[in-house]
Amino acid sequence: MSAPTAARDVLADVDPDVLARSEAALATVGLDPLGLDTTASFEVRDPATEEVIARPADYTPDEALIALDRADRAGAAWARTTARHRSDVLHRAYDLIIEQRDRLALVITREMGKPLAEAYGEVQYAADYVRWYAEEAVRPAGNYRESPRGGSTILTSRAPVGTALLITPWNFPMAMATRKIAPAIAVGCGAVVKPAALTPLTTLVVAEIFVQAGVPEELVQVVTTSKASPLSTALLADPRVRKVSFTGSTGVGSTLLALAAQHVVKSSMELGGNAPLLVFDDADLERAVEGALVAKLRNGGQSCVAANRILVQDGIADAFVEGFTERMSQVVMGNPLGDVQLGPVIDDRAVANFRGWVDDAVARGAELRTGGSAPDRPGHFFEATVLDRVPESAAIAQEEIFGPIASIARFTTEDEGVARANSTPFGLASYIFTADVDRALDVADRLDAGMVGINHGIVSNVAAPFGGIKASGLGREGSSEGLEEYQEIRFYNVARRG
Ligand code: NAD
């Protein structure tokens, strides 16, 4: 950890008023949400300064089971409320989130490190899920079918699946929470939420706002802990958990699926990505450069849908690399409370990985076009970096980078581009830049991916079924499909007079 004086130096380039408001926002976070007077705690640090900003309760598996008991009982009562009531509560939660967006954005930036402007964007994106599920809550869920042979009528309905365990990552601490909590509330489930230990504070504020909006106090229980594994093992051993929704790495997702198998628990897994971004010769150059910039640099590159492998066709490659490098070299990095485009990454381990991957790629023949190093300052910073002509043998061509490094390789034919894009066990997002509609749709069909951005660097949208295939996961979040993840289908087969 850096000396406190050095940390203050970094804060010196931040507007004191913004800093004071962020301190005030942090001071509002309730750090013992279960109210168990738990004395054990763990440290949450600001990744821009490495200073400790909060010490939330470090709950044990036994305490998590108390939370489960509460959520399960509250869920049984909540399931009996009307859809209109649940919808109204979610609409109020949306309004309250928007009213409290300064508080939320400041907490997100302090604990996670994304630039404040992006934190405001996340608050709106996260709130949009709450509004979407307020609207979806009252949509008809069942249907009516005639038996093809006659003699009976089939009525289908949807029931809440039961108590849900929701485990979220650190990179979008608010949006990943509301994308799970809002559909659970909308259909009538109780939930135990386990946020990432690196970023638990935003979730605590979100849960408090849901209660302000009229969600029963015990329905959504946030369990902060530094010991994720024993806690989720204990919860998934309890048959009252009927749903697990996880967003995080593929390794942890597989472990949770094995635990969920004990009681055959319905599972949604939003796991790792390794998104290819294909730029074809006929692409609009400016659009491709801007799209790649957003797909690479949003959230400092710490996004599961970040463009991980930029694959550029030979005819446009030099012009693309030149334009893209120019834009990346202009990126302003600094304390995320300031007016910057790039804040810190989440921890030292990430910075060490980036250093190793850049050195390895250059040693194997890649060309470093801009960036490539970690500045000598407190916090976990790494420059916006462009590597061109990265060989497939380089570690960075295989790993999920999760940081501000663009790894570019070149291809000659469409078939080669598609084969390179698909040469990974992952299948979350992918991107295509081309002016040819036929090519865009043909290539999109051939890509192993749950989501394809076409001439667009952003795929996420509340109305879209977010999710991946292969090692990137199971199930979908957002849209109407995201609601079904918290429901069971039933049918009644009703005999009719011959
Ligand atoms: P992670 O898997 O380390 O952690 C995610 C969550 O799981 C955290 O809450 C963590 O505390 C918890 N956890 C860790 N070990 C656990 C265990 N053994 N048992 C139970 N819970 C455990 O992932 P991360 O580093 O927080 O996030 C980065 C990863 O998440 C990347 O691979 C990224 O692609 C993926 N991600 C995927 C999506 C998506 O929608 N597909 C979205 C965001 C992030």
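Which residues lie nearest the centre of the second largest pocket? They are Pro33, Ala207, Val211, Glu217 and Val220, which belong to a lining of 17 residues. A pocket is here an open set of points on a 1 Å grid over the protein atoms alone, where a 1.4 Å probe fits and protein lies on both sides within 12 Å along at least five of seven lines; a lining residue has an atom within 4 Å of a point.

The model is predicted: local features need pLDDT of at least 70 and side-chain atom pairs count only at pLDDT 80 or more, while totals for chains, interfaces and linings use all residues. Residues are numbered from 1 along each chain as its sequence is written, and side-chain values use heavy atoms, with hydrogens and water left out.

The overall plan comes next. The domain assignment gives domain 1 (31-271 + 472-491) and domain 2 (275-461); such bounds come from an automatic or database domain assignment. The centres of domain 1 and domain 2, taken over C-alpha atoms, are separated by 31 Å. Their contact, meaning heavy atoms within 4.5 Å, takes 24 residues from domain 1 and 27 residues from domain 2.

The interior may be described through its nonpolar cores. In soluble globular proteins, nonpolar side chains tend to be buried together. A nonpolar core is a set of buried Ala, Val, Leu, Ile, Met, Phe, Trp, Tyr and Cys residues joined through side-chain atoms within 4.5 Å. Buried stands for under 20% relative accessible area, exposed for over 50%, and partly exposed for values in between (1.4 Å probe, protein chains only). The largest nonpolar core has 69 residues, and Leu90, Ile185, Leu201 and Phe210 touch the most other members. Helix α6 (residues 116-136) gives the largest share of this core, 11 residues. Helices (H or I, at least four residues) and strands (E, at least two) are DSSP runs, numbered from the N terminus. Another core lies apart from the largest one and has 34 residues, including Val279, Ala295, Tyr431 and Val459. Residues up to four places away in sequence aside, Leu201 touches Leu26, Val29, Leu31, Val44, Ile53, Ala54, Val107 and Glu111.

The open spaces form the next topic. Rolling a probe the size of a water molecule over the atoms shows where empty space is left. The largest pocket has a volume of about 1100 Å³, where a volume is the space filled by probe spheres set on grid points that are joined across faces, edges and corners. Its lining has 49 residues, of which Trp170, Gly248, Ser249, Arg349 and Phe402 lie nearest the centre. Domain 1 and domain 2 each give at least three residues to this lining. At least two lining residues come from each of α7 (175-187), α9 (228-236), β8 (241-247), α10 (250-261) and α13 (348-363), and α13 provides the largest share, five residues. By class, the lining of the largest pocket has 24 nonpolar, 16 polar and nine charged residues. In this scheme Ala, Val, Leu, Ile, Met, Phe, Trp, Tyr, Cys and Pro count as nonpolar, Asp, Glu, Lys and Arg as charged, and the others, Gly among them, as polar.

The second largest pocket holds about 300 Å³ of space. Both α8 (201-213) and β7 (220-222) supply at least two residues of its lining, and the largest share, five residues, comes from α8. By class, the lining of the second largest pocket has 10 nonpolar, two polar and five charged residues.

Several single residues complete the picture. Thr168 is placed in the loop between β5 (163-167) and α7 and is buried, at 5% relative accessibility. Neighbours within four places in sequence aside, Thr168 is in contact with Met176, Ala177, Lys180, Lys194, Pro195, Ala196 and Thr247. Leu257, found in helix α10, is partly exposed because its relative accessible area is 31%.

Most residues other than glycine have a negative phi. Glu50, however, has a positive phi near 70°; Glu50 lies in the loop between β1 (44-45) and β2 (52-54) and is buried, with a relative accessible area of 10%. Arg389 also has a positive phi, of about 50°. The place of Arg389 is in the loop between β13 (385-388) and β14 (405-411), and Arg389 counts as partly exposed at 41% relative accessibility.
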